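Let me put the model up, and then I'll walk you through the packing and the charges.

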Amino acid sequence: MEFIVNEAGCRQLSSDMVANLNEIQKLISEIDSNDSVLRAALGEDYEAIARTVRAMNSEFNSAYHEVRTIISDMNEYMSRVGQARVSLG
């Protein structure tokens with residue numbers, strides 16, 4: 001099986017990746033913005049969940065920077081080669 005990737009496809013993939021990352025960030029931010037509600041509702045369990053949210057946010061930020069680097073490298077490569085063929089199998 002062979003795939004052909006061109007600049008337009010690469011730009012669309014990059015756009016989709018960023019949109020997906022932004023959706024994930026919105027979910028994490030939504031949880032984080034309900035801090036006082038969560039604290040009141042969860043009582044003693046709040047701190048464990050808050051630590052998990054902080055860890056998710058930290059991991060997300062690291063992943064976001066890595067993906068942005070990959071996107072940048074991918075776009076730079078595609079701008080130079082114009083089209084790439086990938087064969088699987």
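Before anything else, one term: buried means under 20% relative accessible area, exposed means over 50%, and partly exposed is what falls in between, with a 1.4 Å probe and protein chains only. Those areas come from the Shrake-Rupley method, and for residues only the protein chains shown count as cover.

Now the ground rules. What you see is a predicted model, where local features need pLDDT of at least 70 and side-chain atom pairs count only at pLDDT 80 or more, while totals for chains, interfaces and linings use all residues. Residues are numbered from 1 along each chain as its sequence is written, and side-chain values use heavy atoms, with hydrogens and water left out.

Helices here are DSSP runs of H or I with at least four residues, strands are runs of E with at least two, and both are numbered from the N terminus.

Let's start inside. A nonpolar core, for us, is a set of buried Ala, Val, Leu, Ile, Met, Phe, Trp, Tyr and Cys residues joined through side-chain atoms within 4.5 Å. Which residues make the largest one? It has 6 residues: Val18, Leu21, Ile28, Phe60, Val67 and Ile71. H1 and helix H3 (46-81) each supply at least two residues of this core. As general background, nonpolar side chains tend to be buried together in soluble globular proteins.

Next, contacts, meaning heavy atoms within 4.5 Å. Ignoring neighbours within four places in sequence, Ile28 is in contact with Met56, Asn57 and Phe60. Gln25 counts as partly exposed because its relative accessible area is 22%. Beyond residues up to four places away, Ser14 touches Ile71, Met74 and Asn75.

Phe60 keeps coming up, so how accessible is it? It counts as buried, since its relative accessibility is 8%. The structure holds 1 aromatic pair, and that is Phe60 with Tyr64: tilted, 5.9 Å centre to centre, 35 degrees between the planes. For the cut-offs, rings of Phe, Tyr and Trp (its six-membered ring) pair if their centres lie within 6.5 Å; planes under 30 degrees apart are stacked, over 60 edge-to-face, and the rest tilted. Tyr64 is partly exposed at 24%.

On to charges. How many salt bridges are there? The count is 4, taking a salt bridge as a side-chain nitrogen of Lys or Arg within 4 Å of a carboxyl oxygen of Asp or Glu. Among them, Lys26 and Glu23 meet at 3.3 Å, N to O; both lie in helix H1, 3 residues apart. Lys26 is exposed at 51%, whereas Glu23 is partly exposed at 43%. Arg11 pairs with Glu7, with the closest N and O atoms 3.9 Å apart. Over in helix H3, Glu76 and Arg80 are 4 residues apart, about one turn, and their closest N and O atoms are 3.3 Å apart.

Last stop, the surface. Met1, Phe3, Val5, Val86 and Leu88 make a nonpolar patch of about 460 Å². Patches take residues with over 30% relative accessible area and no salt bridge, joining like charges within 9 Å and nonpolar side chains (Val, Leu, Ile, Met, Phe, Trp, Tyr) within 5 Å. Met1 lies in the segment before strand S1 (2-6), and it is exposed at 70%.

How values were computed:
Accessible areas come from the Shrake-Rupley method with a 1.4 Å probe; for residues, only the protein chains shown count as cover.
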